[in-house]
Amino acid sequence: MKKIIIITLIGIIGFCGLSFSQSITQTVKGTVLEKGTGTPAVGANVVLLNSQPLIGAMVDFDGNFILENVPVGRQSFQVSMLGYETMLISNILVSSGKQTVLNIELQEEATQLNEIVLAPRRQKEKPINGLASVSSRQFSVEENQRFAGGIDDPARLVSSFAGVVSPSTKSNGISIRGNAPSGLLWRIEGVEIPSPNHFADLDIAGAGALTALSNNVLGNSDFYTGAFPAEYGNAISGVFDINLRSGNSTEREYSIQAGILGLDFASEGPFSKNNDATYLFNYRYSTLALIGSFLPDDAGILKYQDLSYKIKLPTEKSGTFSLWGLGAYDSIDAEAVPIEERVSEDDGWESKLSQYLFASGLNHKIRVNDVSNLNSTLSVSGNGMSFKEQYIDDSNTLNYLPSTTKKNGYKVTLQSHINSYFSEKHYNRTGFYVNYLGYDLNVNSASDEQNTTPVNIVNEKGNSMLYQLFSQSRFQLSNKFQLNAGFHMQYFNLNKDVSIEPRISLKYEINERQNLALAYGLHSRIESLPIYFVNDNGNQPNKDLKFMKSNHFVLSYNTMLTDNLKLSIEPYYQYLTNVPVEEDGFKSTLNIQNNLYFEETLVSTGTGRNFGIDLSLEQYLNKGFYYLLSASVFDSKYTGNDGVERNTRLNKNYGFNALVGKEWQVGKSKNNLLSANIRLNYLGGNRLVAIDEQESIAMQEVVYGETNGNLSFSEKLPDTPITSFTVSFRKNKPKHASVWSLQVINSSQTEEFDSHIFNLNTNRVEKEFSTTVVPSLSYKIEF
């Protein structure tokens, strides 16, 4: 597609008003459960630290607690219970606009009290999934709102983490350790979903322009960059396991946000005071779509909207049901460049695009006995697009047949797993997934030559099945050693391929501040379904492509240098097999920029290898100050069927990130919060496909090809330093809170590579660069 330039206008932040002199308070409530069994941690103590007089509560028989009159601002809480690790939940933002809800799980101590005294464990030190040992991090929604470069997009936020780089500023793609964004597994509420992004897969497969998920519905989640637990399948590089939070069970609450990027409305609360059923929903609509009629016809307006929701229905004897969902719709029309302004043939194309995605599931959780609980979900998800592209000739008429793409796919999944807490030394999770895959695909590619019949690339309608089975156990071998071992198995009915994948990790607690872990995991995934049905003279040679497989080896060292300063070091090695590659060329699914017109014939004979080291130094928020420094040095290569080793497209070799922020509680009673932070990403350049210069001149268009020993992806683009910043002001009033926020990505206005073009004026192939600056000015009110 042609590049899209979005011109936005910056407004003026309104006057903040005078601060109230009285201290403003809010209610903090939540649940405390035992991590292994999910049973209420009855009798656990929840205390607001540094409160005078002491504010505390005891967890009741349903696992609930409530703290009244907690002052607004940053607050820390300690949760303790005899025989369990003491949990520290620090620097939670308490606002007057909404009640604060904490969902806490206590881990049983594996040591005797007379042997060792453990310091309180911070909630964010561990991932939510207790079966993860390495390359894992708990993702905080509050960080997503606070960190620069995120613009409330979880996909952009994780590019601050070690091992993760972004392919470009205009994309929110997640490239992990040199892998393509398409290798990432996205899950919501435990269900695999399509990439939850607006304008997904257009510039980069597996990525989009911005998230389709609002912060208003997100709960704390897990993010993995390698050797992930056995329950995760159909992924090569990493996993983003997203949780949706439940609505407030006692109060109805609302939020409205207006900004440059869009309008956002959320509502939550109980259905009635007579039961515990709750609802939460959020709707967003593009600001540019609202003002599109006032913009030029060739502005290339991004129009999008999305809806997400969760309904929770607890029962006394039948467990807890929850119904959740996500839906998004996008569209954009791009006009051809006027003839007198055209530089290349690419400027003569006009297009119309519409896209959608959806995911919805009915989940059921129930206790089976004293040591086990069952979690089951029936879900349906899918995505689709309609794209039409047509060339306008020199006479400004449509004399050329159009390229058309219609891709529709859906998946119905039944999945279930049982958690069994046999003892403090043995915990097991075992489950299955049954996936029904439906598809309706029709792709036709035309050229800029008159009377040329479009070539049919894919034309297939039908269904297939993907079956998955897993089991993993955590064994506490001693006070210091923990072993996680299991397997994941996949069977793809389309071509009868099977993948059996062992997973194992060993973790050693050196002392209360340090741990060392070693992990291995074999992971695999199927390709995007249209790739299997590529038409080659009536045949479908790609139908027999095997699971691409990836062996992950990770060594991890973590230490708390101080109570608030954490250092992590992770060297790793990744070896890939069954990589789909051209039989006699350089192309591979590892390097797909987008798969709109992918028509290559492939064989599963390629290999690949990635190795490197990730380092991060994180100062947790303390006394209003925090920072995150991360570095990734890596090398990512693949070998084709021709036996030649090449760089992958995203072999940037290095990525460095520095984020620093500060908060100030302001106002006469310190009720309000001013926050500012800045982030610098310094990334190596992407790699370029080789150009056949002579053929390009002959055809008067860009022709890719390796000639004169010039290998694809040998040439590396210049490094890209990207600076971003965020400034926000939260004003708390007795009945509501308001937030002014300014977020800017690429405030340094760094140029990035767009594409190769054949310049008709100079008669040669040239690189085209552009500058993408993403500003987001918004105002939000919570009440």
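The radius of gyration of the protein chain, taken over C-alpha atoms, is 27 Å, which agrees with the value near 28 Å that a compact globule of 783 residues would have; the globule rule is 2.2 Å times the number of residues to the power 0.38. The C-alpha trace spans about 80 × 60 × 45 Å along its principal axes.

This is a predicted model, in which local features need pLDDT of at least 70 and side-chain atom pairs count only at pLDDT 80 or more, while totals for chains, interfaces and linings use all residues. Residues are numbered from 1 along each chain as its sequence is written, and side-chain values use heavy atoms, leaving out hydrogens and water.

The protein chain contains five helices and 42 strands, read as DSSP runs (helices H or I, at least four residues; strands E, at least two). Of its 783 residues, 56% are buried, meaning under 20% relative accessible area, with exposed over 50% and partly exposed in between (1.4 Å probe, protein chains only).

The structure has 27 aromatic pairs. Rings of Phe, Tyr and Trp (its six-membered ring) pair if their centres lie within 6.5 Å; planes under 30 degrees apart are stacked, over 60 edge-to-face and the rest tilted. Two of these pairs are tabulated below.

| Pair | Centre to centre | Angle between planes | Class |
|---|---|---|---|
| Tyr520 and Phe553 | 4.9 Å | 40 degrees | tilted |
| Tyr654 and Phe656 | 5.9 Å | 25 degrees | stacked |

Tyr520 belongs to strand β30 (residues 514-525) and Phe553 to strand β31 (residues 548-560), so their pair ties together parts 33 residues apart in sequence. Tyr520 is partly exposed at 23% relative accessibility, and Phe553 is partly exposed at 40%. Elsewhere, ring pairs join Phe139, Phe161, Trp186, Phe223 and Phe240 into a cluster.
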